[in-house]
Amino acid sequence: MMRFSRSTALASLAAATLTGSTQAQNVRAAGIPPGLAAIREADLRRDMEALAGDAMRGREAGTIDELRASAWLAERARAAGLEPAGEDGTYFQFWPMRRAVTSPASRASYDGTRLDLDSEAVVATPVDATIDGPVLAVATGTTPDSSAARGKVLVTTLRAPADLGGRTKRNDTFIYTLLGMFEEVRRLSKLEAAAIVVVCDSIADAGFQFPSTWMHRGEYGIDSTGARAPAPGGDPPVILVRRAPGQRIASASRFTATLIADRFTQVSVNVIGRIRGTDPKLRDEYVLFSAHQDHDGVRFPTNGDSIWNGADDNASTSVALLAIARAWKQHPGRRSALFVWHGAEERGLLGSRYHAAHPVVPITSIVAVVNGDMIGRNNPDTASLLGSQPPHRNSASLVRMAIDANARVSHFAIDSLWDRPAHPEGFYFRSDHVPYAVRNVPSLFFTTVLHDIYHTPFDEPSRIEYPKLTRMAKWMYATGWAVSETRERPAIDPGYKFSR
Ligand SMILES: [Zn+2]
């Protein structure tokens with residue numbers, strides 16, 4: 001579909017430069033935003049080193065580390081001149097986050113031998129269940145008779161997925177295990193079994209730490225929106241088991257378990273500030289600049305490093321928003337600008353789901369969402385604009401503003417592959433613009449996409465391409481500026497309906 005090259009962008013920039021009669025008019029006609037020079041690489045680097053430094057401990061949602069980062073962001077937002085736009089006159093919108101984890105008091109055994117639900121096995125989804133049933137070994141890929149399966153503990157080995165859908169290498173073992181497990185679970189969960197035990201093959205066994213760490217972390221959700229409610233009932237409990245004990249369970253006669261889900265209410269927070277618009281008519285409408293402040297916290301060490309800094313993901317856009325705020329403060333737009341650093345994105349877009357459901361300004365007054373996630377790595381001259389092609393696109397007029405802004409200001413070759421519905425990563429659906437798009441707010445997702453240090457302890461400030469991050473910040477700023485200045489707010493495309 002659309003593909004925009006650097007040469008096209010430069011050509012349109014040249015055309016824009018040639019049409020005006022004076023430099024000032026050129027700048028005005030082309031819509032070069034007036035605060036552009038206030039977005040400086042040195043500021044982005046300094047803020048990045050603070051926000052993604054080890055002292056912030058990876059900013060995990062629901063922990064004191066996310067709150068520390070939130071306080072830091074609010075202080076920087078105040079210094080940038082944003083007025084508080086959270087709740088009760090503050091920069092903060094706190095919201096309750098539900099978490100369910102498998103209790104360490106859970107127990108499982110086969111023929112009287114204890115199965116360690118940490119080193120040997122992991123419960124896939126936290127659940128309260130008492131299991132006591134005969135074992136029925138099931139050959140991979142086969143489905144036993146429902147009468148034979150009823151009340152039994154089905155034990156099967158995961159099926160190697162036919163392909164990983166072209167996913168990035170680093171996630172292979174994790175994705176391999178999940179796909180291989182779900183392949184079996186999808187079929188067997190219809191059988192009224194007492195439980196399903198999925199045994200790792202040698203590949204999944206070697207990488208057991210990745211899915212098991214993820215499953216131990218449990219489920220997160222928001223009560224008030226019902227997002228990702230923990231532990232859906234009905235289906236039999238699923239336990240992923242390492243190879244050696246799994247082979248013993250398959251030949252055992254009886255399997256028993258008491259599974260307990262511990263449930264907690266934690267707190268996460270959206271940090272929100274604004275700059276009022278200059279136009280008395282338009283200032284009650286908002287351009288929403290969006291990022292997420294959280295990352296994955298402190299986890300198991302890899303090469304001696306246990307802090308998952310999340311520099312690109314997503315301190316990059318968080319510090320870009322601070323830079324945009326400084327530029328905006330120097331030259332406020334006609335419409336107001338709302339800056340939202342969402343919490344708990346990594347736990348399932350929870351902060352943006354909460355704010356889209358409980359916005360601090362009327363949702364209909366948000367004329368566009370300019371969201372960024374991971375905007376500071378990869379090829380220096382390419383970037384992606386997600387939501388620019390159907391079926392993801394919800395506002396052709398907003399896309400046009402972003403494309404024009406790129407042609408004038410940032411000059412990236414726009415990679416259109418990641419916005420295609422057939423792209424294996426489904427990247428469009430993985431950031432904070434989504435809950436707004438669901439509510440028919442014109443929305444875009446700026447990104448420089450995945451890389452080999454995505455969700456690892458190595459996503460550190462030293463790995464950021466600062467000139468590129470600066471250009472991305474300028475592109476987002478110029479897009480938001482165009483939205484702020486235009487007479488007609490960006491329209492939702494006729495017939496648009498969010499679909500996945
Ligand atoms: Zn992430």
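A residue is called buried when its relative accessible area is under 20%, exposed when it is over 50%, and partly exposed in between, using a 1.4 Å probe and the protein chains only. The structure is a predicted model, in which local features need pLDDT of at least 70, side-chain atom pairs count only at pLDDT 80 or more, and totals for chains, interfaces and linings use all residues. Residues are numbered from 1 along each chain as its sequence is written, and side-chain values use heavy atoms, with hydrogens and water left out.

Glu346 sits in the loop between β16 (336–342) and α11 (350–357), while His455, 109 residues apart from it, belongs to the loop between β20 and α14 (466–485), so that the pair links distant parts of the chain. Helices (H or I, at least four residues) and strands (E, at least two) are DSSP runs, numbered from the N terminus. Glu346 counts as buried because its relative accessibility is 15%, and His455 counts as buried because its relative accessibility is 15%.

From here the reader can turn to strand β17 (residues 366–372), where seven of its seven residues are buried. Two strands pair if DSSP finds at least two bridges between them. Strand β13 (residues 286–292) pairs with β17 in the parallel sense over five bridges, and Phe289 stands opposite Val370 in β17. Strand β20 (residues 443–447) also runs parallel to β17, joined by four bridges, and here the bridge partner of Val370 is Leu444 in β20.
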